[in-house]
Protein chains: 2
Amino acid sequence: MTVDREQVLRTAAALLSRKATATMDEVARAAGIGRATLHRHFAGRDALVKALEVLGIREFEAALDAARLDEGSAEEGLRRLIAEIEPAAGLLAFLVTENQLFEGAHVNEGWGRLDARVSAHFRRGQQQGEFRIDLTPAWLTEALYGLIGTGAWAVQDGRVAAKDFQYMIVELLLGGARRNVEQ
Amino acid sequence: MTVDREQVLRTAAALLSRKATATMDEVARAAGIGRATLHRHFAGRDALVKALEVLGIREFEAALDAARLDEGSAEEGLRRLIAEIEPAAGLLAFLVTENQLFEGAHVNEGWGRLDARVSAHFRRGQQQGEFRIDLTPAWLTEALYGLIGTGAWAVQDGRVAAKDFQYMIVELLLGGARRNVEQ
DNA sequence: CCCGAATGAGACATCAGTGTCTCGCAAGGT
DNA sequence: ACCTTGCGAGACACTGATGTCTCATTCGGG
């Protein structure tokens, strides 16, 4: 009888990442619950988005933990990270475009922690000579986010096969489009 | 006295790419005109977004023309394209996230033309042996759009210097993050 | 089996944004 | 100098979404 809050959030994430302007009523129907019940669990639309933000940050941090970035080469760590992040890609794509989250006075500090960890990983890769040093860690971090979002949308719209998601992102981010001699 | 329609559109693009939910009143004030005047030129919000879409497609096509993609190597063409597209990057970033544009019955055919031209360029690069063949032209096209949008946002938010916009996008897209032996 | 807690459906007021209209005014052409 | 045209400001009604409330129902624990 009791609503599964986690399930509601995941359904909302799936809907909102496809249609960011979906109404509370649409979110409720998508989750199979009444609008009143949705309001009982999330005071309003803002609260719902905030809850999604917390969920997204938690999943991203879980992916960072699971990827064990400090083990092995930086490239291997990045591959593991993208693999771990794939299930949450749609949610993250939605959150990144929800710039309302980044306008207010106090932005969720979680983003800073995530940026720092990802950025530090790229920096480590540079220091170890694996990654180029002419692309800043900040830009590589942004590019990773951007490609994850782009990949999630491309898969949703059927322009890229879901099974290729990881490969396309990792290969482009690491190797780029240029064909190298040793390939 | 007469309103400069083009200027209004550019101001609206600049505002909306930062705050996609800006109201008609905010758009009007940003453009320095009254809300009634804005409505005289664009029947409603939908019409405004459609006009921005037409503008964005026009600028993208102009960039494609100016880039002379068929001259020289595919890599040089891509570099020219990104350079030409930079001024319109914010507008394109807004349009890509305005998924309302891609839901209705008839999507503006311009996007298909643009996709086809960009995609054909990547395909040419593959056939000439310049680009990798394990990344599909469709994905490279999507990735280009995604990186342009990400770059535009990163510059707007000050995370990347404006002067580095082209370099960061081109180098990542072409060469990736991995450091190669010859570098 | 019974009772409390939670839900769904619907009614309702409220509010922000929209679209339309009028009126006074300023600019620019003739 | 006149007069047409376009603009700004404001008033207004309308719509869609939101947030709150009530009430009947149903689920599930004790």
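A: Contacts within and between chains

The C-alpha centres of domain 1 of chain A and domain 2 of chain A lie 26 Å apart, the domain bounds being taken from an automatic or database assignment. Nine residues from domain 1 of chain A and nine from domain 2 of chain A form the contact, defined as heavy atoms within 4.5 Å. Domain 1 covers 1-42 and domain 2 covers 52-175 of chain A.

This is a predicted model, in which local features need pLDDT of at least 70, side-chain atom pairs count only at pLDDT 80 or more, and totals for chains, interfaces and linings use all residues; side-chain values use heavy atoms, with hydrogens and water left out. Residues are numbered from 1 along each chain as its sequence is written, while chains are lettered from A and ligands numbered from 1 in the order in which they are written.

Between the two domains of chain A, about 750 Å² is buried, with carbon and sulfur atoms giving 61%; buried area is the accessible area (1.4 Å probe) that two parts lose on being put together, summed over both. Two salt bridges join these domains, a salt bridge being a side-chain nitrogen of Lys or Arg within 4 Å of a carboxyl oxygen of Asp or Glu. A:Glu59 and A:Arg10 meet in a salt bridge, at 2.7 Å from N to O.

The contact between the chains takes 44 residues from chain A and 45 from chain B. Together the two chains bury about 4,000 Å², 55% of it on carbon and sulfur atoms. A:Arg132, A:Trp139 and A:Arg178 supply 20% of the area that chain A buries against chain B, more than any other three residues. The count of salt bridges between chain A and chain B is six; in one salt bridge, A:Arg159 and B:Glu142 have their closest N and O atoms 2.5 Å apart. On the side of chain A that touches chain B, the elements giving two or more residues are α5 (74-85), α6 (89-97), α8 (137-156) and α9 (165-175) of chain A, where helices (H or I, at least four residues) are DSSP runs numbered from the N terminus. The largest share of that side, 11 residues, comes from α8(A).

Chain A can be laid on chain B with an RMSD of 0.1 Å by a turn of 180 degrees and a shift of 0.0 Å along the axis, superposition being by least squares on the C-alpha atoms of residues with pLDDT of at least 70 in both copies. This is the relation of a two-fold axis.
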